[in-house]
Amino acid sequence: MFKKGDYVVKANTGICIVDDIIMKQLSESFPAKEYYVLIPLNDEKAKLFVPTASDASNLRVAMNEEAAWDLIRSIPEIEIKWIESDRTREKEYKEVIKSNDPASLVSIIKNIYLRNREREEQGKKVTSVDDRYFKLAESTLYSELAHALGKECADMRAIINDTIEGIL
């Protein structure tokens, strides 16, 4: 259970602060439940209500500085899953985003980075599926890393891209 003031990461949203924990009845046909009130750091006007008792909320504690640097140092060892089928690839991307696992997000970023580079070399455009999931994975991961390291998301993009370029 998280407490008010904790930083958490929510799949598809990124890093959030637990602003409050409240009892709320969302509908008259359902009993009141306890909810985390989350404020995404990238959109401080938004409020998310996430049930405290739900495994489906897929919340986890945000990385600290040490964990962030450990993840960055491990990038060369994180495996790229090459997926030929467009349909299978999108399904895999969705599962990784839903898993809310930083190493898996790095794997997707590396995979799409490599795919995009190869497509550009062949004179092809980036696919909309790759573009959408690349941006989502980057946004989720980089916001968390930036928070942990006291940097901007653009700095994290540069660090990760340089690391990926250095291993390809």
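A: V9 has I15 in strand 2 as its bridge partner, in a model that is predicted. This pair belongs to the contact between strand 1 and strand 2, which are antiparallel and joined over four bridges. The hairpin that these two strands form has three residues between the strands, and N12 adopts a positive phi near 70° there.

Strand 1 also pairs with strand 5, again in the antiparallel sense, here over three bridges. In general, the strands of a sheet pair through backbone hydrogen bonds, in either a parallel or an antiparallel manner.

Elsewhere in the sheet, strand 3, which covers residues 33-40, pairs with strand 4 in the antiparallel sense over four bridges. Within this arrangement L38 stands opposite L48 of strand 4.

Taken together, the five strands make up an open sheet with the order 4-3-2-1-5 and antiparallel pairing. Its edges are strand 4 (48-51) and strand 5 (59-61), each of which pairs on one side only. From one strand to the next, the twist averages 45°. Helix 4, residues 128-149, packs on the sheet and touches strand 1 (7-10), strand 2 (14-24) and strand 5. The direction of helix 4 makes about 90° with that of strand 2. Strand 5 is thus an edge strand, paired with strand 1 and touched by helix 4.

Conventions
Residues are numbered from 1 along each chain as its sequence is written. This is a predicted model: local features need pLDDT of at least 70, side-chain atom pairs count only at pLDDT 80 or more; totals for chains, interfaces and linings use all residues. Side-chain values use heavy atoms; hydrogens and water are left out. Two strands pair if DSSP finds at least two bridges between them. Axes are lines fitted to C-alpha atoms, for helices over the stretch in contact, and angles run from 0 to 180 degrees between N-to-C directions. Contact means heavy atoms within 4.5 Å.
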